[in-house]
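Visitor: I've got a model open and some questions about how it is put together. Could you walk me through it?

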Amino acid sequence: MVNRLKGLLPVLLLACLWQHAAAQSPNMTQDKGPPLDRPAVGVTGGMIMNMHTASFSRLPGIPSCCTGYDGGEGTGLGFGIASRFVIDETWTLHLLLRHADFSATLGAEEDIGPVLTPRGPEMATVEHHLASTTTALDFRPTIGFRPIPGNTLTLFTGPHLAFLLSNDVTQREELLRPEDVTFDDLERARNQYEGELPEAASLYVAFSAGLRYGIQLGTRWSLWPEAGIRLAASSLTSGVDWLPHGLEGSLALLYHIPKHVPPPPPPPPPPPPPPPALESDLRVLAKAPDGTLSEDARVIVEELTRSELFPLLPYVFFPQESAALEESSMHLLSPQETAAFDERTLPNNTLAIYAEMLNVVGSRMQKYPQAQLTLTGCNNNTDGERNNRALSQQRAEAVRDYLVSVWNIQPDRIRVTARNLPQEAPMVTSIEGQEEARRVEISSDAWQVLAPVRWQSVERSVSTPTIVLRPEVTAEAGVRHWSIRVTQGETVYASFEGTDMPEETDWQLDTTRLPEAGRDVNVVLRLEDNTGRGSTARVNLPFETETRTTEVVEQLGNRRIDRFSLILFDFKSSDIGPDNRRILDIVREAISPDSRVTIYGFADRTGSPEINRKLALDRCESVRRALGTTLRNIDVQLEAVGSDRLLFDNDLPEGRNYCRTVQIVVETGLD
């Protein structure tokens with residue numbers, strides 16, 4: 001046992017020296033983190049003092065006269081690779097894979113009795129010698145415990161799991177004394193054997209315990225001296241009890257894997273200088289016509305409505321011996337075009353309105369579904385038209401077919417008749433008389449169907465025609481681009497843009513396209529300065545309008561002038577029919593006590609000027625009598641123009657008919 005302790009003394013002495021160095025250099029032994037707390041790998045090597053215990057007299061199948069082996073000793077080397085992992089501040093894990101030599105020699109002396117020597121009988125002593133050659137690939141995981149916080153001194157324990165690379169044995173029995181005798185075979189040794197251990201094991205299991213200590217070398221390396229004891233748990237052979245224990249001392253050099261530590265972030269850049277100032281605002285002002293500005297954007301819209309009545313001439317004139325409607329003066333539409341027809345959009349021109357007469361009648365027949373029409377076809381009873389009532393019928397049917405096929409009027413609402421000469425017409429001995437007799441006369445049981453056409457136009461003006469958009473901008477870096485948009489909902493009413501500093505901008509109101517009253521108008525100013533920064537200013541502008549409507553046919557100074565025409569006088573007649581009396585009802589509404597009325601009478605060129613002036617005067621008198629008490633205490637003047645001034649082209653039958661008229665002009669003071 002003393003010899004065993006002598007072999008262990010160098011290892012214990014080295015451990016004491018390391019402990020002394022650790023005490024002198026505390027900074028080297030404190031496990032403060034890197035590197036000793038990082039995973040480590042490395043190499044290890046050391047001395048192994050093997051101490052085998054045995055309890056057998058001989059190995060199976062090998063002759064031996066030994067009374068019994070009880071143990072033996074041997075030394076060997078162990079070297080391999082090691083790794084270390086820190087679990088926490090107290091516990092660690094070490095892994096060791098090495099080549100280890102567990103060899104040892106067992107021996108026993110035995111007195112075998114007297115033998116004959118030249119000197120006479122003497123006691124003989126033999127030595128039984130049994131040597132194992134045992135090497136292994138040894139894997140040893142151990143758990144380490146650090147009893148002192150912050151110190152690398154570690155107590156450890158763990159198993160050995162070894163694969164025996166060699167497990168051989170050498171045996172001999174040798175005479176020790178006397179030195180001059182031999183065995184019967186004249187040899188001093190007998191029972192010799194060399195070879196594989198009978199019934200040898202291939203695996204070896206043991207348990208270790210001990211201590212180790214870590215010494216830091218720089219920032220990535222460390223030395224770990226270690227001392228421990230190994231206790232075998234399995235025999236080298238299954239035939240006898242042979243346990244290879246041992247004491248071990250080793251030194252491991254470990255490399256600590258550095259943690260991936262990202263480089264420290266660069267120092268933050270110095271704070272940027274404050275950006276150049278960029279501020280924007282927007283003022284919206286109303287500019288009156290005199291140039292004065294107001295914060296109130298209330299707009300007054302004045303609507304001047306001009307209107308005039310155009311009585312319809314209910315005749316369609318045809319060429320000689322023709323019933324073709326397309327050869328007449330009528331403007332004919334396709335069924336698809338009727339949807340867009342609106343008599344309110346007809347031009348302010350009598351003959352142009354006459355050309356649309358059938359379309360006016362068609363649209364009104366749709367509007368008044370109870371109304372009935374009567375179409376009377378006529379001829380001039382000359383040449384090929386003489387007594388040609390069939391031609392008269394065809395002319396009336398041509399008008400009916402147009403109203404039915406184009407305006408979709410039910411045929412049972414239209415009555416068609418035919419005759420030769422019209423009941424009222426000039427003499428057919430003249431060209432004019434023949435032209436006027438070739439016609440279809442239209443009448444209706446509903447006055448609305450042939451009522452005069454009211455022409456109207458609306459002119460708008462605003463009291464505040466200009467809205468001033470005044471940007472107020474501070475841009476130290478300068479303005480790269482700006483824009484102003486004026487919108488209401490999805491509708492854009494104005495848009496302006498430019499570069500450099502924005503200036504005051506005028507929004508000229510379009511009286512035909514004004515924003516809706518009672519809703520906000522949104523005005524948005526957007527800026528981008530020369531650094532790319534943006535700014536937005538918004539103004540929600542309440543848009544209020546006050547509409548003033550005045551219906552004026554004609555205005556002269558401070559006088560309002562209304563003009564009315566009656567054209568339904570028959571040829572050479574001054575009688576006022578029922579339709580003209582309805583028009584006179586409209587005239588009465590325009591006459592007030594401060595009105596002045598002038599009645600102009602006209603005639604066509606048929607007849608002499610003297611006769612026409614007399615006829616025109618009769619027509620004026622008829623109108624004055626029909627107006628009756630409405631003209632009481634009213635200044636009334638009669639002007640019989642006759643045919644001295646023709647209102648329309650008398651080469652056309654419709655022009656001559658429109659000349660058989662009376663115009664009533666009502667002048668009323670506006671103050």
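Visitor: Let's start with helices α4 and α5: is their crossing left-handed or right-handed?
Guide: Handedness goes by how the near helix is turned from the far one by less than a right angle: anticlockwise is left-handed, clockwise is right-handed. For α4 and α5, the crossing comes out right-handed.

Visitor: Before going on, what sort of model is this?
Guide: Residues are numbered from 1 along each chain as its sequence is written, and side-chain values use heavy atoms, with hydrogens and water left out. Local features need pLDDT of at least 70, side-chain atom pairs count only at pLDDT 80 or more, and totals for chains, interfaces and linings use all residues, as this is a predicted model.

Visitor: Which residues make the contact between α4 and α5?
Guide: Contact here means heavy atoms within 4.5 Å. From α5 come Val399, Tyr402 and Leu403, and from α4 come Leu358, Asn359 and Gly362.

Visitor: How many helices and strands does the protein have?
Guide: Both are DSSP runs numbered from the N terminus: helices are H or I with at least four residues, strands are E with at least two. The count is nine helices and 31 strands.

Visitor: What is the radius of gyration of the protein?
Guide: It's taken over C-alpha atoms, and the globule rule is 2.2 Å times the number of residues to the power 0.38. For 671 residues that rule gives 26 Å, so the protein is more spread out than a compact globule, with a radius of gyration of 68 Å.

Visitor: What box do the C-alpha atoms fill?
Guide: Taken along the principal axes, the box is roughly 205 × 65 × 35 Å.
Visitor: And how much of the protein counts as buried?
Guide: Buried means under 20% relative accessible area, with a 1.4 Å probe and protein chains only. Of the 671 residues, the buried share is 45%.

How values were computed. Buried < 20%, exposed > 50% of the residue type's maximum accessible area, 1.4 Å probe, protein only.
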